[in-house]
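Student: Could we go through the charged side chains in this one together?
Tutor: Gladly; ask as we go.
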Amino acid sequence: MSKDDQILEEFASKEYEHGWTVDFEADSAPPGLNEDIVRFISAKKEEPEWLLEWRLKAYRNWRKMKEPKWANVHYPKPDFENIIYYSAPKAKDKPKSLDEVDPEMRKTFERLGISLTEQKRLTGVAVDAVMDSVSVGTTFKKQLGELGIIFCSFSEAVKEHPELVKKYIGSVVPSNDNFYAALNSAVFSDGSFCYIPKGVRCPVELSTYFRINAANTGQFERTLIVAEDDSYVSYLEGCTAPMRDENQLHAAVVEIYAAKNAEVKYSTVQNWYPGDKNGKGGIYNFVTKRGICAGDYAKIAWTQVETGSAVTWKYPSCILKGDYSQGEFYSVAVTNNMQQADTGTKMIHIGKNTKSRIVSKGVSGGKSQNSYRGLVEIHKRAENSRNFSQCDSLLMGDKCGAHTFPYIEIKNSSAQVEHEATTSKIGEDQIFYCQQRGIDEESAVALIVNGYCKEVLNNLPMEFAVEAQKLLALTLEGSVG
Amino acid sequence: MLSIKDLHASIEGKEILKGINLEVKPGEVHAIMGPNGSGKSTLASVLAGREDFTVDSGEITFKGNDLLELEADERAKEGVFLAFQYPIEIPGVTTTNFMKTALNKIREHKGLEPLDAVSFLSRMKEKMKLVEIDQTLLSRSLNEGFSGGEKKRNEIFQMAMLEPTLSILDETDSGLDIDALRIVANGVNKLKNEDNATIVVTHYQRLLDYIVPDFVHVLFDGKIVKTGGKELAHKLEEKGYDWIKEEAGVA
Ligand SMILES: Nc1ncnc2c1ncn2[C@@H]1O[C@H](COP(=O)(O)OP(=O)(O)OP(=O)(O)O)[C@@H](O)[C@H]1O
Ligand SMILES: [Mg+2]
């Protein structure tokens with residue numbers, strides 16, 4: 001067996017570290033979707049009438065829509081009538097403070113390496129954790145409150161700040177944007193809400209963790225981040241799910257609104273259960289993430305490290321509407337075994353002197369398929385716009401696939417658009433060089449891949465960069481014999 | 001320390017090493033010379049455990065153990081170091097990070113704790129001085145965009161960091177300017193002691209003025225056809241390889 005073959009055979013033996021379930025009493029809706037379920041969810045959450053109407057409208061649209069087929073992914077169609085659209089871990093009353101959060105649930109988060117306790121406070125991360133579909137406690141709220149920053153679960157925002165939610169929900173990703181966004185709009189159960197007032201720099205990283213726990217449930221969270229003029233925030237999302245034989249659906253929506261001269265950094269480490277090595281089980285990760293630089297000089301930067309999910313369909317995008325606004329997309333997507341990822345970004349240049357930068361690193365092993373799909377669109381009035389795109393693919397073995405689909409549409413001749421792409425195989429020379437220095441083959445692969453992705457990892461906040469590096473190493477674990 | 005007996009090795013069915021015998025004792029410096037393509041780098045690669053080459057027959061023992069039983073990284077952990085003729089680029093990995101990883105793997109093998117940041121840094125500083133290498137070079141991606149000379153100097157820096165028992169320098173002198181040659185050779189000499197040994201592969205007598213060998217071997221068509229003292233190198237420099245070919249009856 002050649003070394004490459006060995007690498008890819010063994011690559012498959014990596015186990016999913018977060019694969020266990022926790023027994024909570026769940027308060028669930030019956031499987032399937034109809035208007036009553038939508039009403040049930042809305043009622044459970046004690047929502048105002050306008051939001052119920054908004055959901056119902058989304059639901060009616062969704063019924064008329066078809067699943068997107070253009071992505072380079074193949075999977076059995078989810079049975080939408082068999083999914084549980086709402087499942088809340090049962091708690092006696094809503095926790096008032098962290099100490100009141102269900103100990104089982106806190107243990108779960110600790111096993112995930114996330115402590116909701118003082119630790120995070122010390123490291124300066126405010127955490128909002130969403131298990132299945134309900135948000136279970138946000139640290140730091142008081143301190144943030146003094147600055148006028150709102151960071152809470154989506155449902156709480158609906159109750160406490162309905163005017164803000166009403167103003168911005170669906171303003172970046174309309175409820176009829178696409179099949180999965182419409183589905184999410186109809187049934188979303190919780191998520192995070194951030195609001196940074198004018199002129200405020202959020203002093204800590206805001207962070208949310210999602211976990212799917214109950215069987216047969218879909219997770220439909222919604223994140224809305226609003227940054228007013230001259231504000232700044234760095235927001236992080238992480239996630240895990242237990243190992244299950246059946247595929248589970250995750251269809252999230254993230255909306256970012258950046259006003260004049262505001263800057264939003266959104267980072268995510270996606271680690272949903274990828275399925276076993278034969279492709280059984282795993283999460284369908286069909287996510288719509290979009291930000292708008294609504295004001296001049298606004299800036300949105302997406303950084304993603306994608307290692308999990310059986311199928312990923314995800315294109316965090318930027319609408320550069322304000323003049324001199326900037327969009328950035330940094331992505332590492334690692335696929336292994338039978339995983340399929342179709343991910344990338346859209347940079348829509350509308351304002352003058354807008355700039356965007358795309359750095360995508362795909363690493364594929366096993367029999368996985370990894371596609372980059374990106375659109376750079378320069379509108380007619382987007383004078384002097386610039387884009388730079390770099391898409392690199394690294395192959396581990398020869399049973400996997402790497403694909404690049406760059407689309408460029410330029411309607412203004414002053415635009416400068418540069419696209420670079422490379423495809424390489426992990427080098428035996430590099431592995432041997434490392435080995436000659438005493439580094440075993442497996443660690444060598446991790447070292448080389450981390451180096452390969454460095455430009456992206458460098459954009460993650462320190463603490464999460466370390467976590468992401470470990471995650472990459474873990475994904476590559478057992479990849480060599 | 002190192003004992004090679006009747007070593008035959010091939011690549012893709014083509015025999016390259018055709019019966020090598022070599023004994024290296026602690027404290028010794030051996031020079032290996034020989035025309036292009038004679039198998040010098042192949043010998044170095046086989047010693048280091050490169051899997052592309054097949055060892056068809058023969059034995060290699062290192063510190064009393066069968067070296068051929070060990071994986072490349074295990075050999076390195078046991079103290080075999082190869083300064084590459086063509087050092088490899090690893091984008092995004094700095095020399096510092098590379099050395100930290102390597103050193104801690106070797107320490108782990110020896111049952112030692114990982115080196116703490118302060119000790120690691122002071123070791124770095126000490127070795128940087130030894131080979132007069134600039135810190136900025138060590139913070140760049142390993143070998144990426146390094147000049148030929150910088151790559152070679154970096155190899156010797158790594159050797160200094162890892163303190164191997166057997167160092168194999170494959171044409172470390174080629175690509176070095178005159179000053180760098182002296183500096184690198186000085187570094188190698190300072191690292192020498194009675195417990196370690198060095199095998200120097202070179203085409204030029206010049207390096208051997210600085211790193212004085214105890215033995216000079218001439219490799220020709222996969223075999224060591226002549227062994228002598230350092231004066232042999234002078235003779236080769238003067239006369240080339242033809243007379244050896246004649247002597248060995250292969251011309
Ligand atoms: N991967 C390979 N495939 C086929 N032949 C190879 C391979 N590697 C080395 N060889 C051959 O083996 C022979 C010995 O090569 P080697 O690199 O050991 O020579 P050398 O003595 O180090 O030469 P130089 O002085 O030029 O560095 C050469 O004929 C070379 O072409
Ligand atoms: Mg050579």
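Student: To start, is K226(B) buried, partly exposed or exposed?
Tutor: K226(B) is partly exposed, its relative accessible area being 23%, where buried means under 20%, exposed over 50% and partly exposed in between, with a 1.4 Å probe and protein chains only. This is a predicted model, in which local features need pLDDT of at least 70 and side-chain atom pairs count only at pLDDT 80 or more, while totals for chains, interfaces and linings use all residues; side-chain values use heavy atoms, without hydrogens and water. Residues are numbered from 1 along each chain as its sequence is written, and chains are lettered from A and ligands numbered from 1 in the order in which they are written.
Student: And which side chain does K226(B) meet in a salt bridge?
Tutor: That of E247(B), at 3.1 Å from N to O, a salt bridge being a side-chain nitrogen of Lys or Arg within 4 Å of a carboxyl oxygen of Asp or Glu. E247(B) lies in helix α10 (residues 242–248) and K226(B) in strand β12 (residues 223–228), so the pair ties together parts 21 residues apart in sequence.
Student: How many salt bridges are there over all chains?
Tutor: The count comes to 27.
Student: Switching topic, what about D73(B) and K77(B)?
Tutor: Their side chains form a salt bridge at 3.1 Å, N to O. D73(B) is buried at 7% relative accessible area, and K77(B) is buried as well, at 12%.
Student: Which residues are linked with K127(B) in a network?
Tutor: R123(B), E126(B) and E163(B) are linked with K127(B) in a network of salt bridges, and the contact between K127(B) and E126(B) is 3.3 Å, N to O.

Technical notes:
Helix = DSSP H or I, 4+ residues; strand = E, 2+ residues; numbered from the N terminus.
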